[in-house]
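Colleague: Could you walk me through this model before I set anything up? I'd like to go through the rings, the pockets and the packing.

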Amino acid sequence: MPFVTFEGIDGCGKSTLLESLGQHLLGQGLTVQKTREPGGSELGKDLRQILLRTSGEPPCPEAELLIYEADRAQHVQTKIRPWLESGAWVLSDRFFDSSTAFQGAGRKIAQEHVTWLNQFATGSLKPDCTVLIDVPVEVSQQRRKNRRHDRLENEDNTFHESVRRAYLELSKREPKRFFVLDGTKSPQHLTTLLIEELKSRGLLK
């Protein structure tokens, strides 16, 4: 069954769009599993606390990447693959493209290292469709101003601009996998466009 991931900088609207698509699929009588990274498995919930907390010793960039990959390996083995094999649609709020963008571009870790670790952690599993919701960093900031920020959200604009550019570059590199949406548009409009795209790809009737 289809595996769809949602990517973008924080505050882009990916979580809202994931929920909206999930409701549509459920309305079609389909089995849907919604998940996220980090924290999609029981072990991952503990790792999420380490990764996103704003107190205590922060992990260095290399340790940060390795913790994300540990979370991802557990996520794929214990949740994503079993769900797909059972015939469910799997919708994930972030997957390996987040490490390419945040740790590769944002933390300046060599892309070949990130790519190898992504493949190792996932067993080379790739999404059928990756939805990239793109917004300017200023829009992201505005949307997040009244919520509690995690450690990555607290990074400066230069970091988030690097992440955004990396995502857009990824979408150009793999246009068949990525579907890019303008996150400044209404959630209803984005949901309609995404459903149409999934139909055009033969993933949804």
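Colleague: How many aromatic pairs does a search of the whole structure find?

Modeller: Ground rules: this is a predicted model, where local features need pLDDT of at least 70 and side-chain atom pairs count only at pLDDT 80 or more, while totals for chains, interfaces and linings use all residues. Residues are numbered from 1 along each chain as its sequence is written, and side-chain values use heavy atoms, with hydrogens and water left out. Rings of Phe, Tyr and Trp (its six-membered ring) pair if their centres lie within 6.5 Å; planes under 30 degrees apart are stacked, over 60 edge-to-face, and the rest tilted. Searching the whole structure that way, the number of aromatic pairs is five.

Colleague: What kind of aromatic pair do F95 and F96 form?

Modeller: Both F95 and F96 are buried (under 20% relative accessible area; over 50% is exposed, in between is partly exposed, with a 1.4 Å probe and protein chains only). Ring pairs also link the two with F3 into a cluster. The F95 and F96 rings sit 5.2 Å apart centre to centre with 45° between the planes, so by the cut-offs the pair is tilted.

Colleague: And W116 and F120, are they buried or exposed?

Modeller: They form a stacked pair, 5.2 Å centre to centre with 5° between the planes. Both lie in helix α5 (residues 111–122), four residues apart, about one turn of the helix; helices (H or I, at least four residues) and strands (E, at least two) are DSSP runs, numbered from the N terminus. W116 has a relative accessible area of 53% and F120 one of 61%, so both count as exposed.

Colleague: Which element gives the most to the lining of the largest pocket?

Modeller: A pocket here is an open set of points on a 1 Å grid over the protein atoms alone, where a 1.4 Å probe fits, with protein on both sides within 12 Å along at least five of seven lines; lining residues have an atom within 4 Å of a point. The largest one has a volume of about 790 Å³, that being the space filled by probe spheres set on the points, which are joined across faces, edges and corners. Its 36 lining residues include D10, R48, L52, D150 and E153, which lie nearest its centre. With five residues, the element that gives the most is α1.

Colleague: How many residues of that lining are charged?

Modeller: Ala, Val, Leu, Ile, Met, Phe, Trp, Tyr, Cys and Pro count as nonpolar, Asp, Glu, Lys and Arg as charged, and the others, Gly among them, as polar. The lining of the largest pocket has nine nonpolar and twelve polar residues. The charged ones number 15.

Colleague: What about the second largest pocket, which element gives the most there?

Modeller: That pocket holds about 230 Å³ of space. Of the 15 residues that line it, F96, T115, Q119, K126 and E174 are the closest to its centre. The top contributor, with five residues, is α5.

Colleague: Which residues have the most contacts inside the largest nonpolar core?

Modeller: A nonpolar core is a set of buried Ala, Val, Leu, Ile, Met, Phe, Trp, Tyr and Cys residues joined through side-chain atoms within 4.5 Å. The largest has 39 residues, and α7 gives the most to this core, with five. The residues with the most contacts inside it are F6, L91 and V131.

Colleague: Where is L152, and which residues does it contact?

Modeller: L152 is in the loop between α6 (137–144) and α7 (157–173). At 6% relative accessibility, L152 counts as buried. Contact means heavy atoms within 4.5 Å; leaving aside neighbours within four places in sequence, L152 is in contact with L52, E64, Y68, F102, R107, F159 and H160.

Colleague: Which peptide bond is cis?

Modeller: Look at the loop between β2 and α2, where P38 has its place. The omega is near -10°, and the cis bond runs from E37 to P38.

Colleague: What is the phi of K108?

Modeller: K108 lies in the loop between α4 and α5, and at 63% relative accessibility it counts as exposed. K108 is not a glycine, yet its phi is positive, at about 65°.
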